[in-house]
Amino acid sequence: MADVGGWIWECNLRSFLELLSHYVGYRFDATDWETVALAVEATDDEQPDGWYSYPLIGEHRQVEVRLARAAGGDELMVAVNGTLTPELEVRADTLLAAFSAG
């Protein structure tokens, strides 16, 4: 099991999840987005139970994305857990870097 983590700007969450889903082989749709967007509202990275987890289950890969709003900011803390191939680990890390850029 690997874990890739960091933060992104909250406004980039949908694009992050759509691209990560593509790499996993999961079709992230409007229903997925509505579910995640609503759930993220109540998250808080400073609370142990303040994180939200969402599974992305593709044909051959499965990851869990954990999300929490950073207290007092526009950032979202993100952790991608699962059986990540080296390629998927690099892609997830690259997405985090790209979507946290100013």
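Predicted model: local features only at pLDDT ≥ 70, side-chain atom pairs only at ≥ 80, totals over all residues.

Residues are numbered from 1 along each chain as its sequence is written, and side-chain values use heavy atoms, with hydrogens and water left out.

Q: Why are H1 and H3 called roughly antiparallel to each other?
A: The axes of H1 (residues 13-24) and H3 (residues 86-99) come within 10 Å and cross at roughly 165°. Angles over 145 degrees count as roughly antiparallel, so H1 and H3 get that label.

Q: Which residues make H1 and H3 meet?
A: With contact meaning heavy atoms within 4.5 Å, Ser15, Phe16, Leu19, Leu20, Tyr23 and Val24 in H1 meet Leu88, Arg91, Ala92, Leu95, Leu96 and Phe99 in H3. By class that's 10 nonpolar, 1 polar and 1 charged residues.

Q: What puts the buried residues on the same side of H2?
A: In H2 (residues 30-40), Asp32, Val36 and Val40 are buried. They cover an arc of only 50° around the axis, so they share a side of H2. Thr31, Glu34 and Leu38, on the other side of H2, are exposed.

Q: Why does Ser100 count as buried?
A: Buried means under 20% relative accessible area, exposed over 50%, and partly exposed in between (1.4 Å probe, protein chains only). Ser100 has 18% relative accessibility, so it counts as buried. Ser100 lies in the segment after H3 and touches Trp7, Ile8 and Trp9, not counting residues up to four places away in sequence.

Technical notes:
Axes fitted to C-alpha atoms, helices over the stretch in contact; angles between N-to-C directions. Helix = DSSP H or I, 4+ residues; strand = E, 2+ residues; numbered from the N terminus. Parallel < 35°, antiparallel > 145°, perpendicular 65-115°, else oblique. Nonpolar A, V, L, I, M, F, W, Y, C, P; charged D, E, K, R; others polar. Arc of directions from axis to C-beta.
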